[in-house]
Amino acid sequence: MENLTGRVDTYFRTRTRGQKGIIRDLIMTEDAHHDITLCDNDYLNLVHHPHILAAQIEDLKSSAGRGAVYSPLFLSRETMNPHTQLEDDLGAWYGKDCYLAQSGYAANVGLMHALCLPGTNVYADMFVHMSFYDGLAARKVRLHRCQLNDAADMEDKIRQHGPGLILVESLYSVSGDFAPLVDMVRLRNEYGCLLVVDESHSLGVYGAKGLVHLHGLQDEVDYVTASLAKAFSTRAGVVFGRHGLFVKEHSFPNIFSSALLRNDIVRIRAAWEVICDADDRRARLLDVSRRLRSELGEVSRLASVSGTLPSPIVSLCADDEEQMARLHRHLSKKGILGAPFFPPATSPKHPVLRLTVHANIRQEDVRRIVEGVASFYAITARLV
Ligand SMILES: Cc1ncc(COP(=O)(O)O)c(C=O)c1O
């Protein structure tokens, strides 16, 4: 306990200048009214979509039966239920086995439990989500972290250590950069690796089925995972891939944690229906993403993005946490709410304020965001 007390003291001394904890010192804004919300990942603006809400309300009012208030392991296909029915339907749509997890985090942790053994070589892009590392830690794998989007670095490591599991995100959640999926598929094929792509930020955004499908790579990607707390605006995760039953039955979250509620399942199905028919929302989202990046690029320093596709994640780079927190508060006072990212989500030297675009951001909002950011840098320049 001595040790813990020391760690707590160090935390407050070094990580929180005002002694109020990082949440208060870096994240909290004054009680301003925020009419431009850029801090979540509801890309298609579906959180209050009438079709989705109506489906949930109807289900809650109906007496159609109990959901599963126990481990999803006991949901058998023989007694068809909304959960397994939805897995079957989503799997048929996507063209792979599908299993639903309680969150994107649980999906990634569970998939790592299923695919890895002690000593398995894992080639992970250094920016993949923390949930993968959590799952890998339980399996004592041989982890080789690779430079961001650096296929040559990954190839060197595979040559040196042998085939294994490749982990990437199609669209990185902090920087908004895209993975070189075609290069990753080449490595998978040439060296006999398994390829896992986390599509949390792209499923439903680049076509209903995400970037792997958009690039026609679905037959050469072994597993696609996603949080459904992004474009699907709900609370769940999904894994698409081969040997669905094996994966499910080796995932600890699937065995030892309770299933999604029936009303969650109803919400996912309704959101999926909307997403399949949301080309107009996707077009608006990508159009405004392109405009915001281009205009902000002229007045600030942005995390760079490769390729030609517009990215809805626009991250403003800050010199340090203090500057990031000041930028965050400056925008907040103007009614614009971003998401601060700092350790452990980033390295200490590269905190960012992430602005996530959604389909209802209008041209006048873009103008206000750009003016807000520009005025911050004008003040900062005067102070230097
Ligand atoms: C790339 C990525 N994967 C997984 C997750 C975890 O998703 P969830 O919030 O559904 O647990 C996130 C969430 O931030 C994410 O950004």
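How close do the axes of helix 4 and helix 12 come, and at what angle do they cross? Let's take that pair to start. The axes of helix 4, residues 82-94, and helix 12, residues 262-276, come within 9 Å and cross at roughly 25°. Axes here are lines fitted to C-alpha atoms, for helices over the stretch in contact, with angles from 0 to 180 degrees between N-to-C directions. Helices are DSSP runs of H or I with at least four residues, strands are runs of E with at least two, and both are numbered from the N terminus.

Some ground rules. This is a predicted model, where local features need pLDDT of at least 70 and side-chain atom pairs pLDDT 80 or more, while totals for chains, interfaces and linings use all residues. Residues are numbered from 1 along each chain as its sequence is written, and side-chain values use heavy atoms, leaving out hydrogens and water.

Helix 4 is roughly parallel to helix 12, a term for angles under 35 degrees. Which residues of helix 4 and helix 12 make the contact? Helix 4 brings Pro82, His83, Gln85, Leu86, Asp89, Leu90 and Trp93. Helix 12 brings Arg262, Ile265, Ile268, Arg269, Trp272 and Cys276. Contact means heavy atoms within 4.5 Å.

Cys276 is in none, and its nearest cysteine sulfur, that of Cys98, is 13 Å away. Cys276 is partly exposed, at 37% relative accessibility. Now Cys146. Its closest cysteine sulfur, in Cys193, is 10 Å off, so that is too far for a bond. Cys146 is buried, at 1% relative accessible area. The cut-offs: buried is under 20%, exposed over 50%, partly exposed in between, with a 1.4 Å probe and protein chains only.

Next, the backbone. Most residues other than glycine have a negative phi, and most peptide bonds are trans. Gln19 has a positive phi of about 65°. It sits in the loop between helix 1 (2-15) and helix 2. Lys140 also has a positive phi, about 50°. Its loop runs between helix 6 (130-137) and strand 4 (142-146). Lys140 is exposed, at 64%.

And the peptide bond from Pro343 to Pro344? It is cis, with omega near 10°. Pro344 lies in the loop between strand 11 (339-341) and strand 12 (352-356).

Notes
Disulfide = S-S within 2.5 Å. Parallel < 35°, antiparallel > 145°, perpendicular 65-115°, else oblique.
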